[in-house]
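Subject: Handing over the structure

Hello,

Here is the structure I promised you. Please open it alongside this message, and my notes follow below.

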Amino acid sequence: MSLNEYLREKAGLKGTKVMCREAGCGCCAVTVSHLPTDSNTVKTYSVQSCLTPLYAVDGWQISTVEGIGSQRDGFHPIQERIAKFNGTQCGYCTPGMVMNMYGLLHQKPNITAQEVEDNFDGNICRCTGYRPILDAMKSFSEDANIPGRKAIDIEDLNKNLCPKTGETCSGNCGSRSLDLEISGARWYRPLTLADLGKVMKANKDKKTRLFFGNTSTGIYKNDGPFDVYVDLHRVKELFSFQATDTNVRLGAATTLTQFLEKLRGHQEKPGFKCFSQVHKHLKVVANVMVRNAGSIGGNLMIKHNHKDFPSDIFTTLEAAGAQVEIFDTASSAKKTVPLLEFMTSVNMSGKVLTAVILPRLADNVVYRTFKITPRWQNAHAYVNAAFKIPFADMTVKGQPSIVLGGISADTIHAKKTETFLANKKLSAAVVKEAYSTLRDELVPTESPLESSAKYRKELASGLLYKVLLGLCGTKNPKVRTGAEDLHRPVSSGLQTYQEMAREFPLKHALPKVTSTLQASGEAVFVNDMPKFQQELFAAFAIADVGSAIIGSIDPSEALKIPGVTHFLSAKDTLCNDFPQPMNPELFATKEVFYAGQPLGLVLAETQPLAIEAAKKVKVNYSKVMTPILTVEDSLARGKEFESKRKTTVIGNPDDAWKSVDHTVEGTVSMGSQYHFYMETQVTLAVPSEDGIDLYASTQNSDLCQFAASRVIDKPMHFINITVPRVGGGFGGKSLDTSTLAAAASLGAYKTKRPVRLSLDLSSNMRMLGKRPPYKATYKAGFTKEGDVQVIEVDYMVDVGFTEDGSFFTTYSMGYLDMCYHVPNWKIVGKSMMTNKRTMVAVRAPGSVPAALISESIFEHVAQALGKHSTVVKELNLYSEKQTDLTGHVLNNCTVRELWRRLKDVAEVDARIRQINAFNQENQWKKRGITMTTCKYGMCYFGAGHGATVTIFARDGSVQISQGGVEMGQGLYTKVAQGVAHILGVPLDNIKVRPNQGVISPNSVVSGGSVASESSMQAAIGAAEILRERMKPIKEKFPDADWKTLCEKSNASKIDLTARFLNEHRMGSPYINYHTYCVAVTETEVDVLTGESQIRRVDIMADYGESLNPMIDIGQTEGGFVMGLGNFASEDTIFDSKTGQILNDGTWNYKPPTTKDIPIDWRIHLLPDTPNPSGIRSSKATGEPSIALSVGGLLANKQALQSARKDLFGKEDFIPVVAPFTVERAQQSVGLNESLLAV
């Protein structure tokens, strides 16, 4: 059992969340306090509880987010600060953020802003865009320029007293040895190396796991099970540290965090200057909480047991010439061997790694390391490398050491290159031959989860070039920066906006009303609800092939497991068929259409049991076919849904082609993005006296209620649905939650017991829909000035296995013009069938692919004319009253005003000149800058949202129940602000209650960005009814306060409950209004590696009169960063044979983290622009900004096109592919060894 399981399921401390169970997301963070074996001082730090074994923390003090502050006992300053800075949205990640900072401040009370940013590498947030979280945490630093900055009071770090002694933790409870029998396995905690030896000898014939941090289980989940577990935390000999003039010796149990401290403490000493490079490298190994838990020895043992593991510790230490000390339990003898020998020749059965020894290096040794990754933090390397080169007088003095990771399991040293460079005097010819030697000896393995072999070979050469360039120096100033790494300073943000004091608290910049509850872990999500009596846990058995005919399904092996109670399949349903847009079947019956398709449901007494049993359900396929996984394959096999083909013609494109001066043609493609909401899908179904109480994390309560009733053939009133809150949705909980609602309802109905169905991350990613991939070809015709006259686009959309996904083909077509007026269009959209789950909406499903296509076309036009893209785009912007692609007249079109203002505020013209000068002076570092736009159509679709407002007469407090779903977008807050304004009561006098089907039935899905304003208007409508009812009482008692007024109204038999349905009609043709925004994005790229960083982003948005500027800016930032992931790092990877998703976890799927956001980020809301077509003159804000982030990709392309012009004299347009990964960026240049001159 993990610490997380114990805290949540046994102790009932649900503030500590769980998501990935891989130590990759940070939401499960807690702090631990104990007395380390090598110290007399209690240490407190943060760890990820999901991988921390429960018995490993015996005797330790564990602090959870509830323990440091609450609404009853008072919030902790960290909780208050993150709430005040609007650092919460859905709130699911927030407790982990708080506890990471709590542990960090224990380690470094006088923390710097840089240290904050360096140490938030293990916490993922999909909602906020990180900027407000970082600002909140940096406000505790001693050097940040942040309003409200105040250092932590040391007393606030020592309030958690030991429940046994009533004093601060002494650390004396965890010093005992352990010998336990746990579920048939043995658990030991020895105190000495001799005791450890006895344990290992006594169990020499058993499968034994020695562990310290247990972090490897997040990567290698199938290791084990083991007969014996040995906890090394108290073996004192493993914690030694000695430093002499000749070496530094560290015990194998030295944590990576302690290793960093030791490196920093000795890096200025003669012979140990290389420690500064190792220190820099280790700061990007895993994340801070993994580094707190994991040890040097543990990391090296992972590499020893899994040769393919790209261990940064091994790479850096092997190049430095490290040795290791090994204890043989059979002979009780110690032996010191070179690290390489340990890794390649030593059988560690019956042996223990006890120490690592780092030698002093000669004064003439140059030591340098690299780690090139898909994102800046918390990612394993494409390639890691370390170079140790003795060098003087332009000559390599002896044999260098070149160690490379990520090439293959067998590649460690570049031996031939080392031999070639030995004792060589460096010259252009020698350097060139070194590249050639390295290229010839490296044979990278191919894997769909790794970058291409070609890239890794070229990257290795590029890293060698960086080292040799640094050694040789150069007379050519243009190439000098090639030796340098990209440097990222501390990030900063600026926000400007207008408030409307006359309507306060509406249109006031306020944090979310539930933010402190989220920060204290008291906000209850579905899976936080207490366990019911006789509750069962559920897990789906899913298909492991993408296209097959089912022969039989055999759950017998699963049902043999003690604690597994039921297996339900299609034959157990009363209705297995569902109408669009849902899955056609709850459980597959005859044919499998995608790997991950549900086949049945396992019920068990615990969640881990259900997950284990689901994997043991055997499926026999009578026929297995090769799955269709790309639009190209679908086209080749004639699998287009031809009836869904959509063609749009505007103007007269045939004639337009005859009058243009120039044309360009190109292609654009985009991969698939997973929503990555932090709370995975979960539903809880509880039988009641006359139905089922259903608790669902969904954006669409009405659809879930329908699905849950249909599967058991009951009317909808049989299901009483409640949506407490949603831990992130982004469209992913609009349709797919109906599958869980139906399955959980079926389980509860069949067993007459409560059933909790909570998907693990892997199942969540494999089962459910994602953003559809696109492949487009285009042709554009334009004048010599850049006025685009005609565009033809032919695109294919991967819609999945049903034609329901063809919605996206049509929907994205209407966004292709974005903010650019083109009089003539011909667009053909094709919906292609693949063996994937039918695609679903992901934040801004139409504008994201459309922005990529549209902005790419205008970038291409500009490049063809030799103009900067801002010039061409500005020329083609829409003007007031023009008609867009969908036939809407653009009234109140502010895009030209936004463009003009932002271009001026962001000093675009001056920065273009600066970037041009920089690019002329630098060959290997290049910068780009572009402007992007979004015209996002807002539509009040569906039946609208209803709200019920109740005033409690005795005290005047107000309660609101409404049909919208709170998922982080601030819906509850805006609803409360609106009602407070209408009734004239303080905001804290109002509570917004969860969405309940019995009170707010028939609610339309909370999506399309409009749910907040629609729900608020419904609540305002109900409040206005109440105000009108109470008006005579107010006139009769003009001096009465609010409480008295409510009492007298009630005494006068006035109904103090009112309901209102917001019935806003759709616009004509269907859009009610457009939200406009513009961005400027500047980036810098390392041409040799493909790494890049976003130097600055400026955004200006027209949000009308913002209902809450703080929340709307938060939506803007969160959307933009989610888009950065789509365009730079995120895609789903499939096994070409089975159709299974391969990157179904945090190890291989990489959304942005804190150092992927803009370094300098400025956001401005356009003032004095009320929206006459919106609710309360406002505009919706949730989705428009995501399209702007395509500017990061396009600015990088501009930078790389500058490199191609420098290197080859080419001014061609690089084809647009998203995500434009680090690998794709480097490969787009077309480097070869002849260009790597010193």
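A word on conventions comes before the findings. This is a predicted model, so local features need pLDDT of at least 70 and side-chain atom pairs count only at pLDDT 80 or more, while totals for chains, interfaces and linings use all residues. Residues are numbered from 1 along each chain as its sequence is written, and side-chain values use heavy atoms, with hydrogens and water left out.

Cavities

Searching the whole structure turns up nine cavities of 30 Å³ or more. A cavity here is a set of points, on a 1 Å grid over the protein atoms alone, where a 1.4 Å probe fits but cannot get out; lining residues have an atom within 4 Å of a point. Grid points are joined across faces, edges and corners, and a volume is the space filled by probe spheres set on the points.

The largest cavity holds about 390 Å³. Its lining has 27 residues, with W376, S1092, A1128, D1156 and N1196 nearest the centre. By class, that lining has twelve nonpolar, ten polar and five charged residues (Ala, Val, Leu, Ile, Met, Phe, Trp, Tyr, Cys and Pro count as nonpolar, Asp, Glu, Lys and Arg as charged, and the others, Gly among them, as polar). Helix α33 gives the largest share of this lining, four residues. Helices (H or I, at least four residues) and strands (E, at least two) are DSSP runs, numbered from the N terminus.

The second largest cavity comes to about 100 Å³. Of its 15 lining residues, K770, K836, R837, F1134 and I1141 are the closest to the centre.

A five-stranded sheet

Five strands form an open antiparallel sheet, in the order β8-β9-β12-β10-β11; strands pair if DSSP finds at least two bridges between them. β8 (241-243) and β11 (333-338) are the edge strands, each with a single partner, so one side of each has no neighbour in the sheet. β8 pairs with β9 (residues 247-251) over three bridges, and Q242 stands opposite R249 in β9.

How many of the ten residues of α22 are buried? Seven are, in this helix of residues 701-710, where buried means under 20% relative accessible area with a 1.4 Å probe, protein chains only. They are S701, L703, C704, Q705, A707, A708 and S709. Their cover includes β27 (691-696) and α23 (737-751), by contact, meaning heavy atoms within 4.5 Å.

Best wishes

Technical notes: 1 Å grid on protein atoms, 1.4 Å probe; cavity = no way out; pocket = protein on both sides within 12 Å on 5 of 7 lines; lining within 4 Å. Buried < 20%, exposed > 50% of the residue type's maximum accessible area, 1.4 Å probe, protein only.
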